[in-house]
Amino acid sequence: MSIALAILLSAAAMTMIVGVRYLITSGAFAWATRVRHPGLYTGLDPQIRREIWWSLASAAIYGVPAGVVAWGWQNRGWTQIYTDASAYPLWYLPVSVLLFLFAHDTWFYWTHRWMHRPKPFRIAHAVHHASRPPTAWAAMAFHPIEALTGAVAIPLLVFLIPIHVAALGVVLAIMTVMGVTNHMGWEVFPRFMWGGPLGAWLITASHHQRHHERYGCNYGLYFRFWDRLCGTDEGLGDFTRDRARAAARRGRGTADGRNAGRAA
Ligand SMILES: [Zn+2]
Ligand SMILES: [Zn+2]
């Protein structure tokens, strides 16, 4: 098989994996939302369809650099991904996960902040903010330009920071779950993760909710470090207004239903 074909197949496989991972994770949390907060997404079907479409397009973009690097790792010994757990001390496993999360968070904070400048916002980032309020399906709802900035982060980091393949799996799992839950419209995590001293440094849904509400603040992904350092942290949002709006949409829905019944 030619190298080009092998790389193409690897990229296609990665696209499939990212797309299916998105559908399963967002689907699971959307289902959890239906159970815990029934009606929260009522009337948002057209928006959800857009979120899924943009997210699957993003999956295709994420798959390309991931596929190229995965091929190079398997066939050319690229990257610092290792499989022998004794190659580094055991304590390095959690440290490598934290290093990856912090580096990814740094990349995300600065590219995200840049995308809030008027021109990049208009061209690219407006797609993500078109979700008002976002749902669990908005995790990867990005314009292709924004998807590209997200897609290169981990494939570049594996060249710079040594990481065990299982630890990389943990990083990807955290990335996926936080991407979905930050947009879900409610807190799935226990209060100590967002309310207490730990919450002063961690980002969960309440923090990212405020970003979607006010735009010019709370740019981070996992940690509040850069937001706090740069004075862009405006604290936690709450979901009361989103819930009131959902209730209003439900009210309109039933009123429309009644009117339709009367008209018939
Ligand atoms: Zn967002
Ligand atoms: Zn934004």
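By "touch" or "contact" I mean that the C-beta atoms of the two residues, placed from the backbone, lie within 7 Å. Before I go on: this is a predicted model, so local features need pLDDT of at least 70 and side-chain atom pairs count only at pLDDT 80 or more, while totals for chains, interfaces and linings use all residues. Residues are numbered from 1 along each chain as its sequence is written, and chains are lettered from A and ligands numbered from 1 in the order in which they are written.

Back to Asn218. It sits in the loop between H8 and helix H9 (225-229). Helices here are DSSP runs of H or I with at least four residues, strands are runs of E with at least two, and both are numbered from the N terminus. Is Asn218 buried or exposed? Buried, because 24 other C-beta atoms lie within 10 Å. The cut-offs, with C-beta atoms placed from the backbone: 20 or more other C-beta atoms within 10 Å is buried, 12 or fewer is exposed, and in between is partly exposed. If you look for Pro38, it is 180 residues from Asn218 in sequence, and the two C-alpha atoms are 28 Å apart.

Leaving aside neighbours within four places in sequence, His129 is in contact with His212 and Tyr215. Glu213 is 84 residues away from His129 in sequence, yet 9.4 Å away C-alpha to C-alpha.

Let's zoom out. The protein chain has ten helices and two strands, and along the sequence they run α-α-β-α-α-α-α-β-α-α-α-α. The C-alpha trace spans about 70 × 50 × 40 Å along its principal axes. For 264 residues, a compact globule would have a radius of gyration near 18 Å, and the chain has 20 Å, which agrees. That radius is taken over C-alpha atoms, and the globule rule is 2.2 Å times the number of residues to the power 0.38. Of the 264 residues, 34% count as buried. Among contacts between residues at least 6 apart in sequence, 71% join residues at least 24 apart.

What about the core? A nonpolar core here is a set of buried Ala, Val, Leu, Ile, Met, Phe, Trp, Tyr and Cys residues joined through C-beta atoms within 7 Å. The largest one has 44 residues, and those with the most contacts inside it are Tyr62, Ala136, Ala139, Met140, Ala141 and Phe142. Helices H1 (3-36), H2 (45-76), H3 (92-114), H5 (144-151), H6 (153-160) and H7 (165-181) each supply at least two residues. H2 gives the most, with nine residues.

Take Ala136 from that list: beyond four places in sequence, it touches Ser26, Phe29, Ala30, Thr33, Val180, His183 and Met184. Then there's Ala147, in helix H5, which is buried because 23 other C-beta atoms lie within 10 Å. Again leaving aside neighbours within four places, Ala147 is in contact with Ser58, Ile61, Tyr62 and Phe142.

Two helices deserve a look. H2 has 32 residues and reaches 45 Å from its first C-alpha to its last, close to the 46 Å expected at 1.5 Å a residue; the expected span is 1.5 Å times one less than the number of residues. Where is the kink in H2? At Gly63, shortly before the proline Pro65, and it's about 25 degrees. The bend is the angle between axes fitted to the seven residues ending at a residue and the seven starting there. Just after H2, Gly77 takes a positive phi of about 70 degrees.

The other one is H7. Its buried residues include Val171, Met175 and Met178, and the buried residues pack against H1, strand S1 (81-82), H3, strand S2 (163-164) and helix H8 (205-214).

Last thing, the record. UniProt, in an unreviewed entry, places "domain: Fatty acid hydroxylase" at residues 97-232; positions follow the numbering used here, feature names are shortened, and annotations may be inferred rather than shown by experiment. In the model, that span is 57% helix and 1% strand. The unreviewed entry also has "transmembrane region" at several stretches, including 91-110 and 188-205. Residues 91-110 are 95% helix, with end C-alpha atoms 29 Å apart. Residues 188-205 are 6% helix, and the ends are 8 Å apart.
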